[in-house]
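Have the sequence and the model open as you read.

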Amino acid sequence: MYRQRGDFEMGRMEESHDSVIDPVISFSGHLGSALTGSSARKPGRKSTRFAEFLRQDQDLIEITLDISDDSVAISSINSAANVAEDPEIALLTMKLEKKASLGSSVINSKIRQVSHELKRIASLSSKKDQPPRVDKTVTGAKNALKGLRFISKTAHNADQQAFLKRFDDLAVNGLLSRSDFGACIEMDSKEFAGELFDALARRRGITTPGITKAELQEFLDQITDQSFDSRLQTFFDMVDKNSDGLLTEEEVREVIMLSASANKLSKLKEQAGEYAALIMEELDPNNLGYIMIQQLETLLLQVPIQSAVKSGNYSHSLSQALSQKLAPTKLQNPLRRCSQKIKYFLEDNWKRVWILLLWFLMIAGLFTWKFIQYKNRAVYDVMGFCVCTAKGAAETLKLNMALILLPVCRNTITWLRNRTQLGVAVPFDDNLNFHKVIAVAIAIGIAFHAGAHLICDFPRLLHTSTEEYEAMKPFFGSDKPPNYWWFLKGIEGITGAVMVILMVVAFTLATPLFRKNKVKLPRPLQRIAGFNAFWYSHHLFMIVYTLLIIHGFFLYLTHKWYMKTTWMYLAVPVILYGGERTLRAFRSGSKPVQILKVAIYPGNVLTLHMSKPQGFRYKSGQYMFVNCPAVSSFEWHPFSITSAPGDDYLSVHIRTLGDWTRELKNSFAEVCEPPMGGKSGLLRADYMQGKTNPRFPRLLIDGPYGAPAQDYKKYDVLLLVGLGIGATPFISILKDIVNHMKVAEEGENIENVRKHKKKTFNTVRAFFYWVTKEEGSFDWFKGVMNEVAEIDQKGIIELHNYCTSVYEEGDARSALIAMLQALNHAKHGVDIVSGTRVCTHFAKPNWRNVFKSIALKHKDSRVGVFYCGPAALIDDLRQLSLDFTRKTSTRFDFHKENF
């Protein structure tokens with residue numbers, strides 16, 4: 001703690017130019033007594049000690065003031081003989097007011113503030129003989145929180161010069177009145193502007209009906225100051241309207257309620273009375289019925305300091321060195337810059353590159369082969385390059401229509417991931433992306449194939465002479481086609497046209513605009529957008545493949561059966577996919593599940609606990625498909641498994657985001673009731689052995705299926721990032737790690753566990769970051785959070801919950817929440833936001849600092865970065881993983897699942 005001492009003696013103030021560094025004074029005892037003592041000074045603020053030797057009775061009064069850049073506050077007053085009476089303080093006040101006429105404007109401002117503080121202390125000392133209980137009816141907490149919102153807005157948007165210029169237009173006789181203050185600073189609410197004016201005037205001891213231009217500048221300096229202390233000072237100035245420095249329990253409760261409303265914390269608002277009593281218990285041990293506003297302020301100011309200490313748990317010098325190393329450096333030579341980009345790209349995407357390159361070479365080879373083949377046939381003399389292009393494109397379509405099925409053969413991909421080492425070279429996580437790339441290639445192939453036939457081939461054939469058509473008779477008949485319609489009405493034309501129409505429908509409804517229902521359609525057409533439309537339209541592929549085989553059999557230019565190769569391309573993929581669908585139907589029907597527990601949580605999240613079918617083996621991070629015949633017999637939807645492999649049940653958490661999930665939640669809500677006996681959830685139903693149980697809707701499951709997060713065990717360190725319901729796959733991982741801890745505690749250490757298992761468990765540290773905008777979301781996994789906090793005594797798992805509805809740590813609007821959080825967690829071990837043993841952070845994480853901290857703590861380690869949630873954060877996390885991998889000794893491998 002840095003302290004700067006000065007002496008104020010016999011009306012003369014002298015400031016020391018040397019800073020004396022004292023150690024932080026530790027305190028053991030009741031919190032309230034610590035706050036009123038000199039040891040409660042804020043670190044980082046100047047603490048100046050004033051001593052006035054009064055001649056009357058030679059009594060010594062020592063006043064300790066906390067001085068920041070724009071405010072002075074009384075920290076303590078000590079008297080040698082306990083005779084700090086009103087006349088003596090008034091005398092010192094008079095001397096300070098006289099001193100205010102001398103010196104710089106800054107010192108004058110400070111002395112006026114000291115004078116005002118001393119007057120307030122005089123008024124307090126005159127009340128010593130009054131009853132201790134205080135009945136205050138006026139409170140400004142509501143307006144204070146509004147003021148903080150105004151301050152944030154002003155700091156970013158206001159032009160102080162414009163305000164000062166407007167002063168010239170509104171001022172009368174050089175003074176700006178209270179009624180014109182709002183118009184001067186562009187504040188809509190005149191009532192609030194007037195109260196803000198009063199608070200700022202009280203702080204400076206201004207009693208005149210208006211303010212000068214210099215005083216307006218002081219007001220603006222405080223309003224636009226973004227420092228925590230300045231915001232907080234304005235907040236308390238507006239709360240304490242009568243400047244007595246006291247707050248009753250009712251006022252504290254109102255401040256908590258309004259702060260909770262500003263931060264969208266409904267549960268905290270409901271429990272405001274309980275937390276107000278907690279504050280009074282800490283700061284009012286003598287049960288006086290009030291606390292001094294400085295006590296609460298001091299307690300609030302400790303929160304950002306404690307946060308900074310907690311976050312600064314690694315070497316500052318190492319952090320600075322890493323920051324310098326991560327600073328972007330631009331190479332001057334363009335060739336070296338280009339080669340470096342290519343090198344980085346190949347390092348990061350080599351798996352994708354070789355797969356796409358192989359696929360492209362296959363397409364190019366087939367197109368070239370067919371193009372050359374038809375260039376050497378007689379039909380080339382009539383139709384030219386058009387027929388070569390059409391047939392080359394047709395050959396690529398055969399290959400792509402076969403390949404597009406493979407990325408959606410989920411059972412095959414899961415088997416390959418689990419049983420082979422192909423994952424080292426094949427990017428199984430990109431299966432759906434490859435599916436989309438092939439779909440684009442099919443669309444391009446259709447355009448070239450159909451376009452070449454319709455625009456070029458057929459018109460040229462119709463315009464051939466009799467001699468030129470002679471060579472075409474074996475393909476189109478003895479008589480030349482009479483018109484264009486002749487081509488379209490044949491089997492080839494009809495099958496081709498229907499396929500194109502069905503593909504256009506499927507492709508259009510699969511685009512994010514329609515699939516995620518982002519397009520605004522008229523009410524009669526709204527049902528053609530959304531996931532249901534996407535799901536059903538995609539199943540038109542069965543008709544498309546049937547027509548494709550027919551289309552490939554009735555060809556104009558090929559009549560020998562062994563040269564009609566469409567069925568050859570499609571045979572293996574179609575059989576494989578058909579077998580998978582058959583297996584899926586058989587497996588889901590032969591594995592009935594019994595619902596064990598149902599709970600509906602805030603945020604429209606449905607939790608289902610069900611029995612685990614015999615032989616159902618899965619890994620943490622995998623997912624399964626769920627079907628509810630009561631909602632739809634055909635629709636299957638994927639959900640991450642939130643139970644751990646070692647649990648004797650399966651669980652999923654389903655958030656209501658569409659029609660199917662809404663109907664599913666409503667179906668289970670009908671059999672649920674409000675929870676009894678302290679159980680969780682808004683609605684709940686449990687299966688009880690031997691008792692009358694509710695009739696749950698029938699549920700079918702299919703799986704498990706592989707996902708990126710299932711490979712977490714091969715990493716030394718894990719960084720798990722979940723946004724909202726995206727935390728679900730990582731809950732299973734956390735449970736699995738906890739289960740390994742339990743095994744270790746039961747007599748076997750981790751090394752022995754590895755020896756007894758085929759698959760190693762390499763993870764030695766895990767960081768879990770869960771970011772959500774609703775406090776009710778923490779109820780979803782409250783039990784897991786508490787279990788991890790209780791069992792993980794070695795600190796293997798580091799949990800970080802973030803609530804983005806709360807203003808960032810250090811903001812005055814969340815300062816009271818942070819203070820209550822610290823008090824309640826210290827006393828009861830429970831976080832006031834999440835209701836768990838894990839403290840909640842506010843606003844959004846600084847991801848660069850997160851990566852920097854892990855890189856400093858785990859050098860030369862391999863970190864698996866797993867993300868699940870909306871796509872908005874993917875690019876940032878991927879880029880950070882690349883940056884820290886390239887410029888530090890820690891390797892970050894990024895994996896994502898987005899929805």
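Buried means under 20% relative accessible area, exposed over 50%, and partly exposed in between (1.4 Å probe, protein chains only). The model is predicted: local features need pLDDT of at least 70, side-chain atom pairs count only at pLDDT 80 or more, and totals for chains, interfaces and linings use all residues. Residues are numbered from 1 along each chain as its sequence is written, and side-chain values use heavy atoms, leaving out hydrogens and water.

Let's start with charge. The structure holds 20 salt bridges, each a side-chain nitrogen of Lys or Arg within 4 Å of a carboxyl oxygen of Asp or Glu.

Helices (H or I, at least four residues) and strands (E, at least two) are DSSP runs, numbered from the N terminus. R584 in helix α27 and D702 in strand β18 are 118 residues apart, and both are buried. D736 is buried, with a relative accessible area of 6%, whereas K713 is partly exposed at 28%.

Now the nonpolar side. A nonpolar core is a set of buried Ala, Val, Leu, Ile, Met, Phe, Trp, Tyr and Cys residues joined through side-chain atoms within 4.5 Å. The largest has 61 residues, and F768 is among those touching the most other members. Contacts of F768 (heavy atoms within 4.5 Å) include L720, F730 and M785.

Conventions. Lists of a residue's contacts leave out its neighbours within four places in sequence.
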